[in-house]
Amino acid sequence: MAIIDWSAEFELGIPDIDREHRDLITLINELHAELGETSSAAEIVARLRTIYQHIADHFAHEEQLMRDSRYMSYAEHKEDHEILLDDLRDITEQVEKVGGYSEDRLSADLEYWFSTHFRTHDARLHTLVRE
């Protein structure tokens with residue numbers, strides 16, 4: 001079972017960004033599937049680090065687009081990106097320290113990002129790009 005199902009609302013209409021969104025959802029769903037198996041803490045940490053790096057790269061790409069477009073809500077949007085990255089670092093550190101993993105916490109963070117973030121921050125960016 002997928003933790004996040006792809007939705008057209010995740011598309012900005014920019015092929016590279018849209019591909020990155022799809023790739024991130026795939027990586028997240030692969031992590032979710034592994035958790036149901038007998039994955040070690042080291043395997044989970046490695047997967048979380050891969051997801052973190054892909055998300056950080058995606059955010060850098062999106063933030064460059066915002067700077068190039070002189071996007072008025074850049075600071076607010078970037079701050080939201082930083083919150084998610086901080087949460088992912090915290091989850092990774094938890095797994096490293098105690099071998100535990102809060103699937104509920106990751107699910108909540110990712111649900112926020114792929115629903116609230118896309119419906120607000122990315123929707124406004126989408127409108128700017130289309131104009």
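Biologist: In which helix is Glu103 found?

Modeller: Glu103 is found in helix α4. Helices here are DSSP runs of H or I, at least four residues long, and strands are runs of E, at least two long, all numbered from the N terminus. Note that this is a predicted model: local features need pLDDT of at least 70, side-chain atom pairs count only at pLDDT 80 or more, and totals for chains, interfaces and linings use all residues. Residues are numbered from 1 along each chain as its sequence is written, and side-chain values use heavy atoms, with hydrogens and water left out.

Biologist: What makes Glu103 partly exposed?

Modeller: Its relative accessible area is 30%. Buried means under 20%, exposed means over 50%, and partly exposed lies in between (1.4 Å probe, protein chains only). So Glu103, at 30%, is partly exposed.

Biologist: Which residues does Glu103 touch, not counting residues up to four places away in sequence?

Modeller: Glu103 touches His32 and Leu35; contact means heavy atoms within 4.5 Å. The C-alpha atoms of Glu103 and Ile3 are separated by 9.9 Å, though the two are 100 residues apart along the chain.

Biologist: How many helices and strands does the protein chain have?

Modeller: Four helices and zero strands. Along the sequence the pattern reads α-α-α-α.

Biologist: Why is the chain called as compact as a globular protein of its length?

Modeller: Its radius of gyration, taken over C-alpha atoms, is set against the globule rule: 2.2 Å times the number of residues to the power 0.38. For 131 residues the rule gives 14 Å; the chain has 15 Å, which is close, so it is as compact as a globular protein of that length. The C-alpha trace spans about 50 × 25 × 20 Å along its principal axes. Of the 131 residues, 39% count as buried.

Biologist: How do you know that the span of α3 agrees with its number of residues?

Modeller: The expected span of a helix is 1.5 Å times one less than its number of residues. For the 25 residues of α3 that should be 36 Å, and the end C-alpha atoms are 36 Å apart, so the two agree. Buried residues in α3 include His77, Asp80, Leu84 and Ile91. Just after α3, Gly99 takes a positive phi of about 75°.

Biologist: What makes a set of residues a nonpolar core?

Modeller: The residues must be buried Ala, Val, Leu, Ile, Met, Phe, Trp, Tyr or Cys, joined through side-chain atoms within 4.5 Å. The largest such core has 25 residues; Leu48, Ile55, Tyr101, Leu106 and Phe114 have the most contacts inside it. Helices α1, α2, α3 and α4 each give two or more residues to this core. The largest share, seven residues, comes from α2. Apart from it lies another core, of six residues, among them Leu12, Met66, Tyr71 and Leu125.

Biologist: Why is His21 called buried?

Modeller: His21 has a relative accessible area of 0%, so it is buried. His21 lies in helix α1. Leaving out residues up to four places away, its contacts include Trp6, Phe10, Glu62 and Asp122.

Biologist: What joins the side chains of His21 and His58?

Modeller: A polar contact of 3.0 Å. The term needs a pair of N or O atoms within 3.5 Å; within protein, one must be able to donate a hydrogen and the other to accept it, and residues adjacent in sequence count only if both atoms are side-chain atoms. His58 lies in helix α2. His58 has a relative accessible area of 1%, so it is buried too.
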